[in-house]
Amino acid sequence: MKTNPVPAAPQEVARAFVALADTLVSGFDVIDFLQHLSERCVELLEVDAAGILVTDQRGHLRFMAASSEQTRLLELFQLQDEQGPCLDCFHDGAAVHCADLGHQDAVRRWPRFAPEARHSGFAAVSALPMRLRTEVIGAMNLFRARPGAMASEQVELGQAMADIATIGLLQERAIRQNQILSEQLQGALNSRVVIEQAKGVLAERHDCSMQQAFTALRGHARDHNLRLTDLARALVSRSLDPAELDLLATRLTGDPPG
C-alpha cells in the first residue's frame with residue numbers, strides 16, 4: 001500500500017495522459033488499459049489504491065482492474081454484497097465521496113462494505129463515474145489509508161482520467177459492434193449467394209421459375225426445421241440426401257417420388 005503520497009508534477013500528468021492515449025490506438029487491450037489506468041491513479045492522485053468496475057454487454061457491473069490484490073478482493077466483495085460507493089456512483093451517475101469510512105454515516109450507508117474496507121486498511125474512499133453524457137458504463141474507486149476529503153484538484157484530475165477511459169472503452173465497443181455487424185452482413189450476403197445458386201439448380205433441373213424454386217426451398221426448410229442457407233448449400237454442393245431431393249421435386253412437380 002502506498003504511503004506518504006506526493007503531488008504529481010505536471011510532466012508526470014502529461015506523460016500519463018499521453019500513455020493512456022497511446023494505449024487507445026496501438027493494439028487496444030481492455031484489461032491492460034484499465035490495469036494501467038488503476039496504477040496511474042495511485043501514482044498521480046495521492047490515493048493508496050484504485051479499483052475499476054465496468055458494465056458488461058448486459059449492463060451488469062463487473063470487476064475489471066485494481067492496483068492491488070487487496071483492492072481486487074474488496075471490489076469483488078462490493079459486487080457480491082451489492083453495496084458500496086462504486087455501485088452508488090454507477091447507479092446515480094455522480095461522484096460519491098466518503099472522508100471517513102468509520103463515521104456512523106458511512107456505516108449506516110454501507111453497513112457491510114464500510115467495515116470490510118476498514119479491515120482492508122482503508123479509511124476513506126471516492127468513487128468517480130465513468131460516464132459520457134448520459135451513458136454510464138462503470139465507476140472508479142479511489143481508496144485512501146487515512147481519513148480526510150480528497151482535494152478538489154485531485155478529484156478533477158481523476159475524473160479527467162476516468163473520462164478518457166470511458167471514451168476509449170466506448171470506442172472499443174463501437175468498433176467491436178461494427179465488426180460484428182459487418183460479419184453478420186457479410187454472412188447474410190454469402191447466404192444470399194448460395195440461395196440464388198440453389199434456386200438456379202432447381203429451376204434448371206425441374207424447368208420451373210426462380211420464384212417457384214425459392215418457394216419450394218423455403219417451404220421444405222420450414223417443414224423440416226432446417227436453415228434455408230444450410231439446405232441451399234447442401235443442394236449446391238450435391239451433398240443433399242436423395243430423399244430430400246425427391247421431396248423437393250414433389251413440391252415443384254406435384255408428382256410423387258418415382
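Author: Cys-89 counts as buried, because its relative accessibility is 0%. Buried here means under 20% relative accessible area, exposed means over 50%, and partly exposed lies in between, with a 1.4 Å probe and protein chains only. This is a predicted model, where local features need pLDDT of at least 70, side-chain atom pairs count only at pLDDT 80 or more, and totals for chains, interfaces and linings use all residues. Residues are numbered from 1 along each chain as its sequence is written, and side-chain values use heavy atoms, with hydrogens and water left out.

Does Cys-89 have a bonding partner, or which cysteine comes closest? The closest cysteine sulfur belongs to Cys-86. It lies 6.3 Å from the sulfur of Cys-89, so the two are too far apart for a bond. A disulfide is a covalent bond between the sulfur atoms of two cysteines. The cut-off used is a pair of cysteine sulfur atoms within 2.5 Å. The structure holds zero disulfides. Another cysteine, Cys-208, is buried too, with a relative accessible area of 16%.

Now helix 8, residues 210-223. Helices are DSSP runs of H or I with at least four residues, strands are runs of E with at least two, and both are numbered from the N terminus. Helix 8 has 14 residues. The buried residues of helix 8 include Phe-214, Leu-217 and His-220. An α-helix has 3.6 residues a turn, so residues three or four places apart point the same way. Just after helix 8, Asn-225 takes a positive phi of about 55°.

Helix 10 covers residues 242-253. From first C-alpha to last, its 12 residues reach 16 Å, close to the expected 16 Å. Asp-241 caps its N-terminal end. There, a side-chain oxygen lies 2.8 Å from the backbone nitrogen of Ala-243. Just after helix 10, Gly-254 has a positive phi of about 85°.

Next, the strands. Strand 4 spans residues 124-132 and is mostly covered, with seven of its nine residues buried. Strand 5, also mostly covered, has nine of its 10 residues buried. Two strands pair if DSSP finds at least two bridges between them. Strand 4 and strand 5 (residues 135-144) run antiparallel, joined by nine bridges. Leu-132 stands opposite Glu-135 in strand 5. The two strands form a hairpin with two residues between them. In that turn, Arg-133 has a positive phi of about 55°.

Strand 4 also pairs with strand 3, residues 96-98. Three bridges join them, again antiparallel. Val-96 has Ala-127 of strand 4 as its bridge partner. Strand 5 pairs with strand 1 (residues 49-55) through six bridges, antiparallel as well. Here Ala-49 stands opposite Phe-143.

Finally, the whole chain. It has 10 helices and five strands. Buried residues make up 41% of its 258 residues.

Key
The expected span of a helix is 1.5 Å times one less than its number of residues. A polar contact is a pair of N or O atoms within 3.5 Å; within protein, one must be able to donate a hydrogen and the other to accept it, and residues adjacent in sequence count only if both atoms are side-chain atoms.
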